Amino acid sequence: MTATGKTQTLASKRVSVGVWTEWVPGARWTNEGMTRLLGYIIEGAAQSGEFIFRIIMIDALREEVRQDLASLSAIEGVDYTIECPNDSAVSNSFPELATFANRNVPVEGWIVLYPQFQHALLLDAPVAAIFPDGIPVAYPTVDAGAWGPAGYHVRWRDAVKTMLDGADRVITFSEHVAKDHGERLFGVPAEKVRVVPHAPPDLQHLAPYAVKRQRTPESRRAAADLLRSYATEHGIGHLADFPFEEVDYVAISTQDRVTKNIRIITEAVRRLIREERVNIKMFMTAPIHFGATWTPLPALLEREMFAADLISMTDLPRDVHAAFYHCAALAVHSSIFEGGRGVFPYYEAVSVGTPCLMGNGPHTQELIAGSPGLAPFVFDPNDAVGLAKLVQNVLANRDAVQAKQLAEYEILSKRTWQDVARDYVTAATIGEFDPTSRRRGGAR
């Protein structure tokens, strides 16, 4: 049997589940947020050998997605497929894309990556919509463009409401989102919701130099070489020879939104540098949007003339992202709200030898309820002075902090991504299904 034949045989023995996306032409598919989560789920399916995920998207994103997913511990054609119509006129119309999927992608259920992707209601098989959170409604911006008659958050809210009403199941990552955002803000019946907590992400396979999840001068140099190579290849000239292995820096891996609260880290590090004379930098994966008013970060950098100390490295591939964490002195995630239990940066950073501090909120409260040993590393996300002191304490006791956090990580890792993948498939496929009963008014 040929290699292609073997691949087809392996795939045919698995439960086939669709993944619906609605990224528009020119959209970025990056290793952030839901696309990062999808990668972990695919790797879980690869470990279990029980499922194959069939990912629908427009043709314009095919190669970018293929390149990103190729870095996973998974095999295209066995653990996942990328399904795109070759006809651009079809792939750029989401109703037509749904028709293509119904005719050509046989699955037992669909997982919808974002709750505003409401054209998934045109699909014939059961639909389970992931609802990470209702942040635009729970933490509304004052921007008139968001809440005017045709504001972008009004459109988002209406699309999400349509999707959550019409979906056969709604998946959240935590109890606090299920109850406060799903039930209270969007009226989702409790019996329709499935809470599927994340397993701890593990980046060690992307950082083989981090032996036993420890950092050494040799491992830090290997990670720094990878970061410099990435900078050189992508024309980031000022970082092509940056001594990542010699400079202590805070790693911030998140998008820049108001709830992410990056400004509090900036204020804490500014205090350390200018008042305490600590030699430290900040690196983050979000772009800096100078001139933007929806985020306070750019104005803070300009007012304090601090832009040289907060350096942006965006769109990092998965292995470079792991190196970004490994080289750091510590990671800090200052968000006031996350949809899961805890935060991805804690799991990711600790898995490659770097401790992490977390801003307090319902997400960290739900985490430390089961992992009280992490409580000392949770800070008030409005207290820059307290955060600065905590950062200094971690820098002075880095190895001990890493050991404590790693011990908690190992306990949490008893839940695996195989478990998560199985829970997603179960949510998308179980139970009786009557497609004629689905409310689809907003999707047509």
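Here is a short chat about the sheets and pockets of this predicted model.

User: Hi! What should I know about the model and the numbering first?

Analyst: Residues are numbered from 1 along each chain as its sequence is written, and side-chain values use heavy atoms, with hydrogens and water left out. The model is predicted, and local features need pLDDT of at least 70, side-chain atom pairs count only at pLDDT 80 or more, while totals for chains, interfaces and linings use all residues.

User: Great. In what order do the 7 strands of the open sheet run?

Analyst: The order is E3-E2-E1-E4-E5-E6-E7, with parallel pairing. Strands here are DSSP runs (E, at least two residues; helices are H or I, at least four), numbered from the N terminus, and two strands pair if DSSP finds at least two bridges between them. E3 (80-83) and E7 (193-195) are the edge strands, each pairing on one side only.

User: And how many bridges join E5 to E6?

Analyst: There are 3 bridges between E5 (residues 127-130) and E6 (residues 169-172). Ala129 stands opposite Val170 in E6.

User: Which helix packs on that sheet, touching E2 and E3?

Analyst: That's H3 (residues 62-69), and its direction makes about 170 degrees with that of E3. Contact means heavy atoms within 4.5 Å; axes are lines fitted to C-alpha atoms, for helices over the stretch in contact, and angles run from 0 to 180 degrees between N-to-C directions.

User: Switching to the open sheet of 6 strands, what's its order?

Analyst: E10-E9-E8-E11-E12-E13, with parallel pairing. E10 (310-312) and E13 (378-379) each have a single partner strand, so one side of each lacks a neighbour in the sheet.

User: Now pockets. How much space lies in the largest pocket?

Analyst: About 1600 Å³. A pocket is an open set of points on a 1 Å grid over the protein atoms alone, where a 1.4 Å probe fits, with protein on both sides within 12 Å along at least five of seven lines; lining residues have an atom within 4 Å of a point. Grid points are joined across faces, edges and corners, and the volume is the space filled by probe spheres set on the points.

User: Which residues are closest to its centre?

Analyst: Of the 49 lining residues of the largest pocket, Tyr114, Asp133, Gln255, Arg257 and Lys260 are closest to its centre. The largest share of the lining, 5 residues, comes from H2.

User: Which helix gives the most to the second largest pocket's lining?

Analyst: H3 does, with 3 residues. That pocket holds about 350 Å³ of space.
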